[in-house]
Amino acid sequence: MADVARLAGVSHMTVSRVLNDSTAVSPTTRARVRAAMTTLGYRPNTAARALATGRTGQLGVVSVNTTLFGPASMLVAIERAARDAGYAVSIASLREPDRRSLAEAFDHLTSQSVEGIIAITPRAAIADALKHAPGGVPLVAVEGGEGPMPTVAVDQYLGAVRATRHLISLGHRRIAHIAGPDDWHEAGERERGWRDTLVAAGLEPSAPLRGDWSPRAGYEAGLRLAERREHTAVFVANDQMAIGVLRAFAEAGIEVPGDVSVVGFDDIPEAAYFAPPLTTLRQDFGEVGRRSLALLVEQVEGAPRSDKRLVIPPDLVLRDSTAAPASDRH
């Protein structure tokens with residue numbers, strides 16, 4: 001810092017103020033100090049700053065060990081929001097969705113002196129285990145949190161309602177559902193939204209088919225639907241399974257959307273390039289990251305832990321995989 005101060009022609013205290021984003025430094029002086037830091041390759045000593053301020057600038061994220069689009073996208077969004085806010089992030093992946101693995105992850109993160117933790121909890125067992133998390137560290141849950149902690153979630157139920165209403169508005173009356181695993185919060189809410197919307201419209205839901213989020217599961221469910229030929233539309237709980245459905249229908253000679261309309265969920269980057277391009281629900285993971293980080297920083301800076309729940313609506317993205325039933329077009 002002394003070298004930076006000497007090169008910039010300012011005091012040691014001015015350099016300190018720039019490092020701490022103090023408003024007591026003019027833009028011109030701040031720019032001169034930043035230029036000196038760049039010239040000298042200066043990096044703050046985070047350990048020394050932590051000793052001096054009592055703050056580490058380090059946050060923890062607990063996540064399921066998965067490459068699924070939703071949880072992985074949430075993790076990226078949270079890490080990006082934290083970095084933009086000046087925090088570093090340590091990540092701990094759960095070995096299993098249970099209390100023991102959660103406790104291990106919390107111990108790992110607290111040993112690194114994190115100032116707060118964001119827990120991505122899409123599975124019911126993790127959300128339940130989170131109720132027993134230690135109370136000494138600021139905590140925010142993403143997706144399935146329950147109990148006295150702030151939570152940020154995408155409105156999965158609303159997304160399913162919008163998907164099902166869209167199909168009903170086109171004239172479909174026999175709408176199948178391929179659900180996700182029954183221990184996932186998103187799967188339960190999407191199934192519930194589909195069912196409630198059909199019932200509200202005076203339509204009787206058929207028994208949903210259940211998959212594991214994978215294209216193979218969608219393919220196998222699609223083959224069963226192709227054999228029955230009972231439905232004119234299908235709402236699939238995620239885009240990966242929808243890939244499998246489209247493949248199964250193509251093999252069975254079922255045209256999409258000519259014979260059966262298909263709606264997915266997630267809007268993965270490939271969804272716009274399916275054959276046909278997929279109508280789906282888009283989740284704003286960037287907003288999830290920003291909101292969850294803001295709630296955590298509130299606690300880090302002294303606010304008490306609350307049970308505030310922020311819900312973010314998904315958007316229906318209309319593409320070419322949905323149309324009116326063939327009977328309505330003749």
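Trainee: Let's start with Ser-113. Is Ser-113 buried, partly exposed or exposed?
Mentor: Keep in mind that this is a predicted model. Ser-113 has a relative accessible area of 41%. Buried would need under 20% and exposed over 50%, so Ser-113 counts as partly exposed.

Trainee: Okay, and where does Ser-113 lie?
Mentor: Look in the loop between helix H6 (99-110) and strand E3 (117-121).

Trainee: Which other residue has a positive phi although it is not a glycine?
Mentor: Trp-213 is one, with phi of about 85°. You'll find Trp-213 in the loop between strand E7 (209-210) and H10.

Trainee: And is Trp-213 buried or exposed?
Mentor: Buried, because its relative accessible area is 6%, and the cut-off is under 20%.

Trainee: Switching to prolines: what is the peptide bond from Val-256 to Pro-257 like?
Mentor: That bond is cis, with omega near 5°. Pro-257 sits in the loop between H11 and strand E9 (261-263). The bond from Ala-275 to Pro-276 is cis too, with omega near 0°, and Pro-276 belongs to the loop between E9 and strand E10 (280-282).

Trainee: You've mentioned H10 and H11. At what angle do they pack?
Mentor: About 40°, with the axes of H10 (residues 215-228) and H11 (residues 239-251) 6 Å apart. That angle makes H10 oblique to H11. Their crossing is right-handed.

Trainee: Which residues make that contact?
Mentor: From H10 they include Gly-218, Gly-222 and Leu-223, and from H11 they include Gly-244, Val-245 and Phe-249. By class, the contact has 10 nonpolar, 4 polar and 2 charged residues.

Trainee: New topic: in the largest nonpolar core, which residues touch the most other members?
Mentor: Those are Ile-178, Val-234, Val-236, Phe-249 and Val-262, out of 26 residues in that core. Strand E6 (175-179), H10, strand E8 (233-236) and H11 each supply at least two residues, and H11 gives the most, with 5.

Trainee: Nice. What does Val-236 touch?
Mentor: Leaving out residues up to four places away in sequence, Val-236 touches several residues, among them Ile-178, Met-241, Val-245, Val-262 and Phe-265. Apart from this core lies another one, of 23 residues, including Val-61, Ala-82, Leu-296 and Val-300.

How values were computed:
Residues numbered from 1 in each chain as written. Predicted model: local features only at pLDDT ≥ 70, side-chain atom pairs only at ≥ 80, totals over all residues. Heavy atoms only, no water. Axes fitted to C-alpha atoms, helices over the stretch in contact; angles between N-to-C directions. Helix = DSSP H or I, 4+ residues; strand = E, 2+ residues; numbered from the N terminus. Parallel < 35°, antiparallel > 145°, perpendicular 65-115°, else oblique. Left-handed = near helix turned anticlockwise from the far one by under 90°. Contact = heavy atoms within 4.5 Å. Nonpolar A, V, L, I, M, F, W, Y, C, P; charged D, E, K, R; others polar. Buried < 20%, exposed > 50% of the residue type's maximum accessible area, 1.4 Å probe, protein only. Core = buried A, V, L, I, M, F, W, Y, C linked by side-chain atoms within 4.5 Å.
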